[in-house]
Amino acid sequence: MISFVTEAFFFMAAICSKVIRSFAETIFPPPRKNISGEIVFLTGAGSGLGRLMALKFAKLGATIACVDINQSANEGVVREIKSLGFNAHGFKCDCSSRQEIYRVAELVKKQVGDVTMLINNAGIVSGKKFLETEDWMIQKTMEVNTMAHFWTTKAFLPSMMVKNYGHVVTIASSAGFFGVPGLCDYCASKFGAAGFDESLNMELGALKKDGINTTVVCPYFMNTGMFEGVKTRIIKLHGQL
């Protein structure tokens, strides 16, 4: 009984500490991370949010390993970055395939170097009601939006662990917190991605790997090809990524 009370006390204390810290960082945000010199492995770099992140991080001094299944679009982003005088490399990869991810990861290690920042951004959406969504599409959604995060992290986390230095970024979605009609497979996959980030963060903390950070990003609908034609009642979509 005493053990249970003690554990409950420390559990509540940990929660309160997290809440207070989050509140304090909202008022006094920590300084932005300097990513100059980082080697960034970015999936879904060929378009939309991935393209914007590739350009932004390259301008901040990082070397970008642009990864996308659309080779021509991906190479276009690489050329765009290089034309601005920054560093980028392109790799075609089907992120629904564990073997493909591991193969490309080895190429990046050999040709670019040890990845210090992993950004799992690649994603797909069917946009169909549950019973109208084909079995293969449900499986593909889970493979790209959730399972790929496991394989990329397994590929690059070991070197981060050795150095106790690195960053794993999960691009999830606001749909990873609540269900949306017509997005059963997508929401489930993003719930999984958000849960993966939270569990990984706690595991790294338990292992005392305080030099490895994790970040989960949960955007609302964005005006990309994935959500073309989406209309919302509360927040309007502007522009095209």
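Val168 has Thr214 as its bridge partner in strand S6. Strand S5 (residues 166–171) and strand S6 (residues 212–217) run parallel and are joined by six bridges. Two strands count as paired if DSSP finds at least two bridges between them. From S5 the chain crosses through H6 to S6, and this β-α-β crossover is right-handed. Right-handed means that, with the strands pointing away from the viewer, the path from the first strand over the helix to the second runs clockwise. Helices (H or I, at least four residues) and strands (E, at least two) are DSSP runs, numbered from the N terminus.

This is a predicted model: local features need pLDDT of at least 70, side-chain atom pairs count only at pLDDT 80 or more, and totals for chains, interfaces and linings use all residues. Residues are numbered from 1 along each chain as its sequence is written, and side-chain values use heavy atoms, with hydrogens and water left out.

**The sheet**

Six strands form an open sheet with parallel pairing, in the order S3-S2-S1-S4-S5-S6. Strand S3 (88–92) and S6 stand at the edges; each has a single partner strand, so one side of each lacks a neighbour in the sheet. On average, neighbouring strands are turned by 15 degrees against each other, direction ignored. S2 and S3 run parallel, joined by five bridges. In S3, Ala88 is the bridge partner of Ile64.

Two helices pack on the sheet. Contact means heavy atoms within 4.5 Å. Axes are lines fitted to C-alpha atoms, for helices over the stretch in contact, and angles run from 0 to 180 degrees between N-to-C directions.

| H4 | S1, S2 and S3 | about 155 degrees with S3 |

**The cores**

The largest nonpolar core has 27 residues. Such a core is a set of buried Ala, Val, Leu, Ile, Met, Phe, Trp, Tyr and Cys residues joined through side-chain atoms within 4.5 Å. Buried means under 20% relative accessible area, exposed over 50%, partly exposed in between (1.4 Å probe, protein chains only). Phe41, Phe91 and Met160 are among the residues with the most contacts inside this core. Elements giving two or more residues include strand S1 (39–43) and helix H4 (98–111). H5 gives the most, with seven residues. Apart from this core lies another, of 20 residues, among them Val40 and Ile171.

**A loop residue**

Ser174 sits in the loop between S5 and H6. Ser174 is buried, with a relative accessible area of 14%. Leaving aside neighbours within four places in sequence, Ser174 is in contact with Cys218, Pro219 and Tyr220.
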